[in-house]
Number of protein chains: 2
Amino acid sequence: MELLVSRSNEKIKYAALLGNSSSERARRGEFLLEGARLCSDAALSGISVVRAFFTAQALSRYESYIREITGRCDECFEISDEAAAKISDTGNSQGVFCICKIRDNKNGEINPTGIYLALENIQDPANTGAICRSAEAIGLDGIIVSGGCDIYNPTALRAAMGSSLRMSVISVACLPDFISEAGRKGMLTLASVPDAGAEDIRKIKFTSGVVCCVGNEGNGITRETADACEKKVTIPMRGRAESLNASAAAAILAWELKR
Amino acid sequence: MELLVSRSNEKIKYAALLGNSSSERARRGEFLLEGARLCSDAALSGISVVRAFFTAQALSRYESYIREITGRCDECFEISDEAAAKISDTGNSQGVFCICKIRDNKNGEINPTGIYLALENIQDPANTGAICRSAEAIGLDGIIVSGGCDIYNPTALRAAMGSSLRMSVISVACLPDFISEAGRKGMLTLASVPDAGAEDIRKIKFTSGVVCCVGNEGNGITRETADACEKKVTIPMRGRAESLNASAAAAILAWELKR
């Protein structure tokens, strides 16, 4: 296995670029994944791995995970600790990295009888990732992302614990249009709002599929998306807290829709 | 208002120490709070503010918030941007800081007919804070913290959005003993576990109060605490995700107990 030592090696710089830039990820169609378990799970679940990097310590410590990766990837490199520090997103890196291909929305068709959350402008990638994790655990049929929600952000990938690479994730350019189209397919479309006048999520009834929109942490759902939805729903609050954290709210919404 | 310029001023160093060290917070009985809204809310809700610091920009930008603080605090200082950077926990500080007294567990008595979450060894302070926020919004009667869960950690304070300073928070040295005592008072005591064999949280019935324990992100609840609880409960999972994020799980548990 070829050894890459320098932090300024072109392959190392490219890996760091993919980790740092959402627009570069979109332009290149690739993303950087970090962590022995996450990389191994991705390779095993059919994500296309373009290139892998391992530190010397990782090669001995995570041998079984790394075997799953090297068997499914043509280009594998050993890298120095300095190079690993350049591309790592964590303070305490395991020294295992993969460059993977972004899936071509191959599960991009919505199932009109399924249950989905749609994330609009979620700002904190830890929330994006945690919502994917909750959605998979609770058994939703998929996630719709729009408006700068990037599931391939390193923090989002870590928080998702692999769920975003296993689930159906539909990336849409214009959420209001997508919502309108879902409504025409007979799906119930919901805008979640922190507004006591909206319908209680516990009282929502539906016979076909549902898409429930969750908005930005500070500003909520855009007016255009709210207008495209059939109903406004809310999680009734009792305390003095003005609202729930976006990922706590999404977990409760998903839970109630699956109930 | 006296101006403190140097990063190595004793008062600045002390503020930074309180921000960085959980053991110093416990030893001194004080904590550092950051943010215009958070500091103002704390002062207004009766938290004892020992000392406040504001940058010049903050004094003009957050005048109304700062007025609430200065009216309830003897020692106020203007500080330089360098000093603010030394004590700030965020990349984008508002330049408003208070040193506050830790409350003397004044609400430390549990209400035997109330609904509580007990946090054991939660590692990520963002989870600790988010759980406090959810607990208040959903209307629980309080939170019990043990085993290194520190609600006065700067990240936890920020994630809690002030809820942890308004709610009843009971800090206990030995959670298993506390749980046993709660059981003797007639409360239902629950250990939440990611175990399909445990009782479904939706089927739990109770006539008096409840304490539901939430454990460490990686290792769950300690054996001692699980043994002290009357029942094990779980949130049924459907996907391939092994478990929910601790704060998502806590939100759903709190939601179901209040349902």
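Two residues are in contact if their C-beta atoms, placed from the backbone, lie within 7 Å. The views below are of a predicted model.

**Figure 1. The contact between chain A and chain B.** Chain B gives 23 residues to this contact, and chain A gives 23 residues as well. On the side of chain B that touches chain A, the elements that supply two or more residues are α7 (125–138), α9 (163–166) and α12 (246–258) of chain B. The largest share of that side, 6 residues, belongs to α7(B). By residue class, the side of chain B that touches chain A holds 11 nonpolar, 7 polar and 5 charged residues. Because 100% of the interface residues of chain B are also interface residues in chain A, the copies meet through the same surface.

**Figure 2. The axis that relates the two chains.** Two copies of a chain are related by a rotation about an axis and a shift along it. Here chain B is superposed on chain A by a rotation of 180 degrees with 0.0 Å of shift along the axis, and the RMSD is 0.0 Å. This is the relation of a two-fold axis. Within chain B, the C-alpha nearest the axis belongs to A248(B) and lies 2.5 Å from it.

**Figure 3. Chain A as a whole.** Chain A contains 12 helices and 12 strands. Its C-alpha atoms fill a box of roughly 60 × 40 × 30 Å, taken along the principal axes. A compact globule of 259 residues would have a radius of gyration near 18 Å, and the 20 Å of chain A agrees with this. Of the 259 residues in chain A, 49% are buried. Among the contacts in chain A between residues at least 6 apart in sequence, 80% join residues at least 24 apart.

**Figure 4. The crossing of helices α3(A) and α5(A).** Helix α3 of chain A covers residues 36–44, and helix α5 of chain A covers residues 63–70. The axes of these helices come within 8 Å and cross at roughly 35 degrees. The crossing of α3(A) and α5(A) is left-handed. From α3(A), the residues that take part are A36(A), R37(A), C39(A), S40(A), A43(A) and L44(A). They meet Y65(A), E68(A) and I69(A) of α5(A). The contact of α3(A) with α5(A) is made by 6 nonpolar, 1 polar and 2 charged residues.

**Figure 5. The surroundings of F206(A).** F206(A) sits in the loop between β10 (199–200) and β11 (210–214) of chain A. The residue counts as partly exposed because F206(A) has 14 C-beta neighbours inside 10 Å, whereas a buried residue needs 20 or more and an exposed one has 12 or fewer. M237(A) is 31 residues from F206(A) along the chain, and their C-alpha atoms are separated by 23 Å.

**Figure 6. The surroundings of P154(B).** P154(B) lies in helix α8 of chain B, which covers residues 154–160. With 22 other C-beta atoms within 10 Å, P154(B) is buried. Leaving aside neighbours within four places in sequence, the contacts of P154(B) are G19(B), L32(B), E34(B) and D89(B). V214(B) is 60 residues from P154(B) along the chain, and the C-alpha atoms of the two residues are separated by 21 Å.

Note on methods. Residues numbered from 1 in each chain as written. Chains lettered and ligands numbered in written order. Predicted model: local features only at pLDDT ≥ 70, side-chain atom pairs only at ≥ 80, totals over all residues. Helix = DSSP H or I, 4+ residues; strand = E, 2+ residues; numbered from the N terminus. Nonpolar A, V, L, I, M, F, W, Y, C, P; charged D, E, K, R; others polar. Least-squares fit on C-alpha atoms with pLDDT ≥ 70 in both. Axes fitted to C-alpha atoms, helices over the stretch in contact; angles between N-to-C directions. Left-handed = near helix turned anticlockwise from the far one by under 90°. Rg over C-alpha atoms; globule rule 2.2 N^0.38 Å.
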